[in-house]
Amino acid sequence: MKNVYLLTFLLLGNLATLAQKAAPVGIQLYSFRDQFAKDVPGTMAKVKQMGFREAEIAGTYGLSLSDFRTLLDKNNIKAISTGASYEDLDSNVPKIIAEAKALGAKYVVCAWIPHAGDAFTIYDADRAVDVFNTAGKLLADNDLTFCYHTHGYEFQTYKDGTFFDYLAENFDPKSVHFEMDVFWVKMPGYDPVALLQKYPKRFALMHLKDRKPGTPDSQNGRADVESNVTLGKGDVGITAIMKQAKKSGVKHFFIEDESSRSMEQVPQSLDFLRSL
């Protein structure tokens with residue numbers, strides 16, 4: 001009988017270990033925005049249960065920065081990066097520094113350059129170059145790394161290339177880096193692997209997101225969130241991207257699933273990544 005009890009104990013212990021096995025990547029907490037809006041502690045516990053130990057922060061859902069940091073610490077989740085608005089980067093960098101330090105984040109990410117309508121212009125690009133180069137240096141001086149998150153409209157044609165090429169040429173590589181959202185490289189019709197190869201060491205962070213096959217391309221930075229599918233089941237080419245990303249200098253990866261099925265799809269996406 002002792003052997004039966006011992007075997008049962010070992011099996012239960014192994015199951016618990018598997019359940020808590022650390023995820024190979026981080027999570028963009030925006031994926032669970034609907035759940036966080038209803039239950040912050042309960043949702044964070046689910047994030048931990050999935051195995052995530054790194055996260056990108058997208059708001060604190062009514063909690064103070066210190067209380068949100070305490071909740072992260074309680075669940076053994078480290079804030080790697082946090083968002084910042086273009087407006088604050090332009091006029092209130094001290095606020096951004098204070099927020100990042102409070103959360104313990106090392107990266108600050110901006111995900112949108114303001115522009116009128118669907119057209120992205122050279123005026124918008126030049127303004128962003130000025131704002132990001134200035135803010136990026138201030139952040140670097142405070143031991144923070146700034147990244148711009150691509151969103152699709154940067155791949156509109158400009159001269160012999162795209163506005164992304166123009167931004168990459170004019171951002172100071174010492175103080176302005178990129179976060180590649182692979183979905184938003186695919187949406188305007190570009191290849192994330194080719195972009196990683198063209199600009200090695202420029203992408204410090206990456207959002208892993210897959211797209212339902214047959215989804216029409218777009219260059220305006222908008223898409224149906226329900227086109228987000230489990231990693232490996234879409235047309236973005238996650239396997240090839242993962243093979244290239246670390247060679248090109250990507251340091252942190254975050255699953256982002258904006259669909260209404262994120263709670264079901266994210267664990268499946270983790271299983272796919274573990275299988276690679």
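How many aromatic pairs does a search of the whole structure find? I am working with a predicted model. My search of the whole structure gave 18 aromatic pairs.

I picked out phenylalanine 36 and tyrosine 61. Their ring centres are 5.0 Å apart and their planes sit at 15°, so I noted the pair as stacked. Next I looked up where the two residues lie. Phenylalanine 36 is in helix H2 (residues 33-38), and tyrosine 61 is in the loop between E2 and H4. The pair therefore ties together parts that are 25 residues apart in sequence.

**Entry: strands**

I turned to strand E2 (residues 54-57) and strand E3 (residues 78-83). They pair in the parallel sense, over 4 bridges. I checked alanine 55 and found its bridge partner in E3 to be alanine 79. Then I followed the chain from E2 through H4 to E3. This β-α-β crossover is right-handed.

E3 also pairs with strand E4 (residues 107-110), in the parallel sense and over 3 bridges. Here I looked up threonine 82, whose bridge partner in E4 is valine 108.

**Entry: helices H4 and H6**

I reminded myself that two packed helices are described by the angle and the distance between their axes. How do the axes of H4 and H6 cross? For helix H4 (residues 65-74) and helix H6 (residues 93-103), the axes come within 8 Å and cross at roughly 30°. Angles under 35 degrees count as roughly parallel, so H4 is roughly parallel to H6.

I listed the contact residues too. Leu65, Phe68 and Arg69 in H4 meet Glu99, Lys101, Ala102 and Leu103 in H6. I sorted the residues of this contact into 4 nonpolar, no polar and 3 charged.

How values were computed: Residues numbered from 1 in each chain as written. Predicted model: local features only at pLDDT ≥ 70, side-chain atom pairs only at ≥ 80, totals over all residues. Heavy atoms only, no water. Axes fitted to C-alpha atoms, helices over the stretch in contact; angles between N-to-C directions. Helix = DSSP H or I, 4+ residues; strand = E, 2+ residues; numbered from the N terminus. Parallel < 35°, antiparallel > 145°, perpendicular 65-115°, else oblique. Contact = heavy atoms within 4.5 Å. Nonpolar A, V, L, I, M, F, W, Y, C, P; charged D, E, K, R; others polar. Pairing = 2+ DSSP bridges. Right-handed = clockwise from strand over helix to strand, strands pointing away. Phe/Tyr/Trp six-rings, centres within 6.5 Å; stacked < 30°, edge-to-face > 60°.
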